[in-house]
Each structure stands twice: as C-alpha cells, then as structure tokens.
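Work through the exercises below with the structure in view. Each task is followed by a solution in steps.

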Amino acid sequence: MDVGSCHLGGNADAVEFCPHRPFRHILAAATYTLQEQAGEEEEQQQDRAGTVSLFSVDAGAEDESQRLRLLHTVETAGVFDMKWSPTAPLLAQADAHGRLVLRRLEHEDGSDGGVVLTDVSAAKISSSMCLYVDWNQNADSLAVGLSDGSLSVIPMREDRLEVSEQWTAHQYEVWTCYFDRARPHLLYSGSDDCSFSCWDLRESPSNAVFRNKKSHTMGVCCIAQNPLEGNILLTGSYDEFLRVWDMRSMMKPVNEKSLNLGGGVWRLKYHPDIADVVLAACMHNGFAIVKTGAGDATIMETYCKHESLAYGADWQTSEAAEHNTNSSVIATCSFYDRLLRVWQPENLVNHPTFKT
C-alpha cells in the first residue's frame with residue numbers, strides 16, 4: 001500500500017529513518033546532483049551538490065497530506081551515504097567533497113512538532129570522495145569508504161572527528177564498509193574490484209583477516225549482518241546476486257546460498273522486528289523484500305513503482321511494529337527521477353516479530 005510520495009530537488013540516493021525515540025517518525029532523504037558550472041575561459045567545471053531533507057512519516061494518518069510532510073532541508077555537498085548513530089539522533093554524512101559531517105536532530109525552538117539538523121562536527125577525510133559511512137555499535141568510531149580504494153577509521157571524541165587510520169584497502173572504489181556488530185575490531189569492506197574483505201583494527205596498519213576475490217563477478221556494493229545471528233552476513237553486488245555467508249570460519253567464510261534479484265544489489269537492510277526479512281534496493285529492477293532464513297533465500301515481494309535506479313531503502317522502526325506485524329513501513333528512493341516513496345508491504349502479515 002502506498003503511503004505517500006514526492007520529488008526531491010536533486011538525484012535521490014539515500015533514505016534513513018531515525019531509530020530513536022521521540023524521532024522515529026523522522027525520515028532523512030539525501031540527494032547527489034552533478035552540476036555543470038562555467039569556469040575560466042568558459043571551460044565547464046563540475047560541482048557535486050546535494051541536500052539532506054527531513055520528512056515526517058505517519059502511515060496511519062487519516063488525512064493523506066499528513067502521511068509524508070517535508071519539515072526541513074539542509075543544502076550541502078553531494079551526499080553518497082548517511083547513517084544515524086546507534087545510540088543518539090546524530091546523523092553522519094559521507095559526501096562528494098571528501099568530508100564526514102555530523103548533524104544532530106533536535107526539536108525546533110518554538111515550533112509545534114518542527115525539527116532541525118544542527119551542525120556538530122565536520123572533518124576533511126580525503127581529497128577523494130567519501131562513498132559510504134558506518135558507525136560501530138558504541139558510536140565512538142566511524143568508518144568511511146573512499147573513491148580511491150582507501151578505508152578510513154575516524155574516532156569521535158567529544159563530538160570531534162579526527163582520522164586515526166587510513167589505508168589502501170582495495171584497487172578501486174570502496175562502495176561499502178561495515179563494522180561487525182559483536183566484534184567491533186573487525187571491519188568488512190566491499191569494492192568495485194569485486195573483493196569482499198575483512199580487516200582487524202587492533203593491528204596497525206590494519207591487517208586483512210580475509211580477502212575474497214572469487215565469489216563476486218562484479219563490484220561488491222553492500223554488506224549487512226543478521227541482527228539475531230552474528231555469524232550470518234549478507235553481501236550485495238553489481239552482479240545482481242544477494243549472497244548469504246556463514247562467518248564461523250572467519251579466515252575463510254562460506255557462501256551458503258545466493259539469490260539473483262534481477263538488478264545490481266545496491267543496499268540491503270534487515271527488518272528491525274521480523275527475523276530474516278531483508279529489504280533490497282536492486283538498481284534497474286526496483287526493490288525486493290527477501291526471506292533469508294532456513295532453506296533457500298526467496299523473494300517475498302517486489303516494488304516497482306520507481307522509474308529510475310533504485311538506490312535508497314530503509315524500514316521505519318515503530319512501537320506499533322513490535323506488536324503488529326502488518327504495520328511495517330518502508331521508504332525508498334530512485335536516482336534520476338528524484339522520487340521518494342513511502343509504502344507498506346503486503347506480505348508480512350503472518351510473520352511474527354522477535355521483539356516483545
């Protein structure tokens with residue numbers, strides 16, 4: 001069921017629901033737009049501009065105009081990725097100017113229900129572009145994947161950011177990086193060089209625990225860890241396959257099963273309340289909800305109402321979802337048509353939640 005939609009001011013590439021009370025109704029949507037500018041001697045120069053917009057989402061509102069409302073927009077450099085801190089309403093942004101930016105979500109003074117993003121900190125990570133950002137579970141360190149193949153680790157101390165380590169991890173763009181949720185000294189990465197790797201941050205320079213260059217036939221775009229079973233990891237690739245990995249043998253993970261999703265797998269997000277259910281952004285083939293538990297991985301539902309590259313995807317965390325499996329809410333966005341859509345899947349009714 002469609003909840004609402006709108007067109008953003010630029011090419012839409014990331015959406016993230018805030019997971020923290022009292023802001024769980026807040027959705028951040030980001031854009032990245034390549035702009036041509038006339039330079040000296042009339043040469044064309046390219047600038048990568050972007051926005052981060054905050055929306056209020058209320059799927060159950062009787063008034064349709066209240067289901068998806070724009071509240072606030074920040075003009076910024078082109079945004080490739082953003083993530084909320086796991087411990088506070090703090091949004092990290094990886095952008096095209098090589099910066100990592102932190103902004104805090106706050107209630108607007110004197111406003112009834114208004115919210116704003118206020119600048120907290122920013123750090124120039126590299127002259128290359130920042131493509132992806134992830135927090136560790138303690139929210140005291142971030143990792144950034146860079147367009148030159150490097151990985152950066154950036155501790156956060158009293159809201160200040162400073163690169164502690166940066167190394168050449170891959171030959172080409174690092175599309176994704178991901179802290180192990182139970183073992184924060186392990187950092188996974190995926191790259192356009194087709195490799196899926198893991199790094200031990202206790203060593204300096206960080207040591208490669210493994211490098212898998214054979215399983216993916218194209219670039220590795222995303223990584224996600226099962227929230228209930230830490231030994232299960234997912235990867236998504238331009239080769240259109242979602243792969244399920246058994247990580248118990250850390251030196252040599254086992255690719256347990258794979259599923260072709262019909263488009264490059266750009267993002268994977270586990271459902272916050274329903275075990276083994278994953279939302280996938282499949283680039284040229286829209287979005288899919290996948291069951292990845294016992295037995296073969298299977299497609300439960302697809303959503304094809306976007307007319308461009310399917311990039312951003314996220315689930316809303318809600319109190320209602322903890323008791324009612326039919327209340328799942330999803331936000332998705334697509335690139336060239338600049339479209340943001342919020343919708344509710346139809347096929348999760350009989351799946352019990354794991355939260356009580």
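**Exercise 1.** Decide whether tyrosine 311 and phenylalanine 335 are buried or exposed.

Solution. Tyrosine 311 has a relative accessible area of 14%, so it is buried (under 20% relative accessible area; exposed is over 50%, partly exposed in between, with a 1.4 Å probe and protein chains only). Phenylalanine 335, at 8%, is buried.

The model is predicted: local features need pLDDT of at least 70, side-chain atom pairs count only at pLDDT 80 or more, and totals for chains, interfaces and linings use all residues. Residues are numbered from 1 along each chain as its sequence is written, and side-chain values use heavy atoms, with hydrogens and water left out.

**Exercise 2.** Classify the ring pair of phenylalanine 196 and tryptophan 245.

Solution. Rings of Phe, Tyr and Trp (its six-membered ring) pair if their centres lie within 6.5 Å; planes under 30 degrees apart are stacked, over 60 edge-to-face, and the rest tilted. By this rule there are 13 aromatic pairs. For phenylalanine 196 and tryptophan 245 the centres are 5.2 Å apart and the planes at 55°, so the pair is tilted. Both phenylalanine 196 and tryptophan 245 are buried.

**Exercise 3.** Classify the ring pair of tyrosine 311 and phenylalanine 335.

Solution. The ring centres of tyrosine 311 and phenylalanine 335 are 5.4 Å apart and the planes stand at 65°, so this pair is edge-to-face. Tyr311 and Phe335 also belong to one aromatic cluster, whose members include Tyr32, Phe80 and Trp175.
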